Amino acid sequence: MVAFNNCGQPGEIRMAQLPSSSVGENDGLGTTPDPGAPVAPIVRPPVNPPTQSEPLLTKYEKTITLSETLKADILFVVDNSVSMEDEQSNMSARFPLFIKSLMQINWKVGVITTDVDDADYSFSDGQLQEIQNGVNYIDSKSTDAEASFSNVIQRRESGSPYEQGIYATYRFLERQKNSKTPFMRTDASLNVVFLTDADETPYEDKNGVTVVQKRNKPEELVKYLKSNWPMKKFQFHSIVVNEGDADCLSQSDNESYGIAYETLSKATNGVKGSVCAKDYGSQLQFMSEKIKDLVKTLTLDCSPAYDSVAKKYKFGIKHDGTEKVEVEKIEGNIVYFKGGLPTGNIKLEYICPSGMLSN
């Protein structure tokens, strides 16, 4: 039998054998201890033994500069195979509603195709399509944006039957990285819209075996984007044959479920729309709302800890030294702001549980 004694150092617990006289015949053991038996040694636990405590926290501080707020670069990746004429026309008809919903956004739109057969083709291999007079984009200042988009989104070539929108986007990014006049702006979000009636369709080798390249993989596209533009906010939206929608798959010579594209949309909180919709208006309007939400957010290195006593997250923001920016909500490591972010210097201070860095 042992006794507890806390006469030592604070937090120390000592266990020692009680005197033999305190253990009698009725102690429940059925035997009487031998007076000559050796005394058990005193067991001394470590001073200040570990106890259950709050998780370790790490403080983060960083300053960012926003030269202009609410910028969005939008890349349409259009399937230019022969089966897509109606879908291209549908997209063209509803584009005016899309840009009308982006009136408060400084937007920029470019178009590439899902064809990656040959870089010598002007419409292939992730090359931005010329819209007019050598210019390969339209923006919020364009006076004829609707007509220009209609002209470029409705394709005249017969593109490859191997629709590879992910590969084409990967090549687009590689071109952007080396471009002296890139389409992507450093302080703008990137929003990619896939329009196709097929899934990512890699080439087959001479034996008929599908060969999936690195550039065909959704996760590799995200990885490449993050590694080269680590501060870039981005989303992928897909207007495809939704997985499991057998009725849509049976329409208009549609080829396959757009699983790879939906995977990208799900991973980046993008919109998953249906290529079979008679009117793309509502889908495009939903995308415009997502684009506006994205430019009103900041992505942190980790998810801030929540103070259950103060009933708020351990997060603070100052604009040019003065607290003017109002936080709408925090979800995971994404902070949403009311009315967007102002220009100028923004200082962030937040505390996260240690070891909780976001990927």
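A residue is called buried here if its relative accessible area is under 20%, exposed if over 50%, and partly exposed in between, with a 1.4 Å probe and protein chains only. Helices (H or I, at least four residues) and strands (E, at least two) are DSSP runs, numbered from the N terminus. The model is predicted, so local features need pLDDT of at least 70 and side-chain atom pairs count only at pLDDT 80 or more, while totals for chains, interfaces and linings use all residues. Residues are numbered from 1 along each chain as its sequence is written, and side-chain values use heavy atoms, with hydrogens and water left out.

Helix H4 spans residues 218-228, and its buried residues are Pro-218, Glu-220, Leu-221, Val-222, Tyr-224 and Leu-225. Contact means heavy atoms within 4.5 Å. The cover over the buried residues of H4 includes H3, S7, strand S8 (234-240) and helix H6 (259-267).

Helix H3 covers residues 165-178 and contains Arg-171. Arg-171 counts as buried because its relative accessibility is 18%. Leaving aside neighbours within four places in sequence, Arg-171 is in contact with Asp-125, Gly-126 and Arg-215.

Helix H2 runs over residues 145-153, with Ala-145, Ser-148, Phe-149, Val-152 and Ile-153 buried. Seen down the axis of H2, these buried residues fall within an arc of 120°, so they line one face of the helix; the arc is that of the directions from the helix axis to the C-beta atoms. Among the elements that cover the buried residues of H2 are strand S4 (71-78), helix H1 (85-100), strand S5 (106-113) and strand S6 (138-139).

The next topic is the nonpolar cores. In soluble globular proteins, nonpolar side chains tend to be buried together. A nonpolar core is a set of buried Ala, Val, Leu, Ile, Met, Phe, Trp, Tyr and Cys residues joined through side-chain atoms within 4.5 Å. The largest such core has 32 residues, and those with the most contacts inside it are Ile-74, Phe-76, Met-91, Phe-98, Trp-107 and Phe-149. At least two residues of this core come from each of S4, H1, S5, H2, strand S7 (189-195) and H7. Not counting residues up to four places away in sequence, Met-91 touches Phe-76, Phe-149, Ile-153, Leu-195, Ile-239, Tyr-280 and Leu-284. Another core, of 27 residues, lies apart from the largest one; among its residues are Phe-172, Phe-183, Ala-260 and Leu-264.

Aromatic rings come next. Rings of Phe, Tyr and Trp (its six-membered ring) pair if their centres lie within 6.5 Å; planes under 30 degrees apart count as stacked, over 60 as edge-to-face and the rest as tilted. The structure holds 16 aromatic pairs. Phe-95 and Phe-98 form a tilted pair, 6.0 Å centre to centre with 40° between the planes. Both residues lie in helix H1, three residues apart, about one turn of the helix. Phe-95 counts as buried at 1% relative accessibility, and Phe-98 counts as buried at 0%. The pair of Tyr-121 and Phe-123 is stacked, because the ring centres are 5.4 Å apart and the planes are at 20°. Tyr-121 counts as partly exposed at 40% relative accessibility, whereas Phe-123 is buried, with a relative accessible area of 17%. Ring pairs also link Phe-76, Phe-95, Phe-98 and Phe-149 into a cluster.

Some rings also have a charge placed over them. A charge sits over a ring if NZ of Lys or CZ of Arg is within 6 Å of the ring centre and within 35 degrees of the ring normal. The charged end of Lys-108 sits over the ring of Tyr-137, 4.3 Å from its centre. Lys-329 has its charged end over the ring of Tyr-336, 4.7 Å from the ring centre.

The last topic is the disulfides. A disulfide is a pair of cysteine sulfur atoms within 2.5 Å, and a search of the whole structure finds two. Cys-248 is joined to Cys-276, with 1.9 Å from S to S. This pair links distant parts of the chain, 28 residues apart: Cys-248 is in helix H5 (residues 246-249) and Cys-276 is in the loop between strand S9 (272-274) and helix H7 (281-295). Cys-302 and Cys-352 form a disulfide with their sulfur atoms 2.1 Å apart. Cys-302 lies in the loop between strand S10 (297-299) and strand S11 (306-307) and Cys-352 in strand S16 (residues 344-353), so the pair ties together parts that are 50 residues apart in sequence. Both Cys-302 and Cys-352 are buried.
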